[in-house]
Structures are given as structure tokens and as C-alpha cells.
Amino acid sequence: MSGRDAGLVEVLVRRLPEGRDLPLPRRATPHASGFDLRARLEQPLILEPGQRALVPTGIVVALPPGHEAQVRPRSGLALKRGLTLLNSPGTVDADYRGEVGALLVNLGSEPVTVSRGDRIAQLVVQRVPRACL
């Protein structure tokens with residue numbers, strides 16, 4: 001690994017069969033911190049004001065020990081549609097192997113429709129130091 005790549009962390013991503021038509025997470029711009037996560041829904045989901053729902057993303061990740069992935073809101077959704085995440089950031093531990101989900105909540109005053117493939121959250125990978133208490 002070159003000095004330029006020394007900080008690179010390899011995260012294995014597996015697309016679930018139910019999400020095979022969805023793009024894998026990717027950064028929207030070269031310097032973005034997060035990878036866009038998309039909704040794996042069979043039919044559109046309407047979130048009324050104040051309503052929440054766990055939305056699957058169609059992916060499973062395998063993080064190296066000493067790392068976590070944080071599921072974070074997308075600021076554009078919060079500003080434009082009142083849609084954000086509860087329990088934010090949501091933590092994906094290094095030993096978790098289930099489907100990544102986003103706990104969406106509508107904090108706006110109008111219903112919001114979430115459709116299959118919509119960018120609903122972002123995934124940011126962080127180092128986590130070992131601590132003892």
C-alpha cells in the first residue's frame with residue numbers, strides 16, 4: 001500500500017438478492033465522507049408527519065475490527081422534506097452481519113413518500129479505539 005493509501009479501510013459489501021437491482025453504496029462526490037444508502041422497498045412508503053419506519057437498504061457490510069459504520073441523515077432530505085433519522089448516527093458494529101437499515105422519521109408537516117432506490121441516508125466508516133472501563 002502506498003503512503004497515499006495508508007489510511008484506506010477495506011469494507012466488504014454484499015448486495016442481498018432482494019436488492020440486486022439497486023446500486024452499491026458510493027460517494028456522491030470525490031471528497032464526500034459518506035456513501036449513499038438507498039431504500040430497498042417493494043412498494044412506496046408514505047411517512048405521515050411524526051411517523052417513523054425502519055427502511056432496509058439491501059446491503060450487508062463486513063467491517064474490519066476496530067471500526068464502525070455510522071448511518072447518518074442526508075441534510076438535503078431534512079431541509080427539503082423534513083425526513084431525518086432517529087438514533088442518529090445509527091451504529092453498525094464490526095461484528096454485525098445483518099442488513100443495514102435506516103430508521104427514518106418524518107419531522108415535517110406534510111406526508112413524505114419514499115420509493116425504491118431513493119437515497120435515504122449515508123454510511124460513514126470510522127475507527128473506534130478500544131476502551132476499558
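**Salt bridges, strand pairing and core of the predicted model**

The structure holds six salt bridges, each defined as a side-chain nitrogen of Lys or Arg within 4 Å of a carboxyl oxygen of Asp or Glu. The model is predicted: local features need pLDDT of at least 70, side-chain atom pairs count only at pLDDT 80 or more, and totals for chains, interfaces and linings use all residues. Residues are numbered from 1 along each chain as its sequence is written, and side-chain values use heavy atoms, without hydrogens and water.

Side chains of opposite charge can pair when their charged atoms come close. Asp21, Arg40, Glu42, Glu99 and Arg116 are linked in a network of salt bridges. Arg116 lies in the loop between β10 and β11, and Asp21 in the loop between β1 (12-15) and β2 (35-38), so the pair ties together parts that are 95 residues apart in sequence. Strands (E, at least two residues) are DSSP runs, numbered from the N terminus. Asp21 is exposed, at 51% relative accessible area, whereas Arg116 is partly exposed, at 29%. Here buried means under 20% relative accessible area, exposed over 50%, and partly exposed in between (1.4 Å probe, protein chains only).

Arg40 is buried, with a relative accessible area of 14%. The side chains of Arg40 and Glu99 form a salt bridge at 2.8 Å, N to O. Arg40 sits in the loop between β2 and β3 (45-47) and Glu99 in the loop between β8 and β9, so this pair ties together parts 59 residues apart in sequence. Glu99 is partly exposed, at 23%. Arg40 also forms a salt bridge with Glu42, the closest N and O atoms being 3.9 Å apart. Glu42 is exposed, at 66% relative accessibility.

Strand β6 (residues 67-72) is largely enclosed by the rest of the structure, because five of its six residues are buried. Six bridges join β6 to strand β11 (residues 119-127), and the two run antiparallel. Strands pair if DSSP finds at least two bridges between them. Glu68 has Gln126 in β11 as its bridge partner. Three bridges join β6 to strand β8 (residues 90-92), also antiparallel. Ala69 stands opposite Val92 in β8.

The largest nonpolar core has 23 residues. Such a core is a set of buried Ala, Val, Leu, Ile, Met, Phe, Trp, Tyr and Cys residues joined through side-chain atoms within 4.5 Å. Val71, Leu104 and Ile120 have the most contacts inside this core. Two or more core residues come from each of β4 (52-56), β5 (59-62), β6, β7, β9, β10 (112-114) and β11. The largest share, three residues, comes from β11. Beyond four places in sequence, Ile120 touches residues including Leu37, Val55, Leu85, Leu104 and Val114, where contact means heavy atoms within 4.5 Å.

The loop between β7 (83-85) and β8 contains Pro89, and the peptide bond from Ser88 to Pro89 is cis, with omega near 0°. Asn87 lies in the loop between β7 and β8. Phi of Asn87 is near 50°, a positive value in a residue other than glycine. Most residues other than glycine have a negative phi, and most peptide bonds are trans. Asn87 is exposed, with a relative accessible area of 60%.

Conventions: Helices (H or I, at least four residues) and strands (E, at least two) are DSSP runs, numbered from the N terminus.
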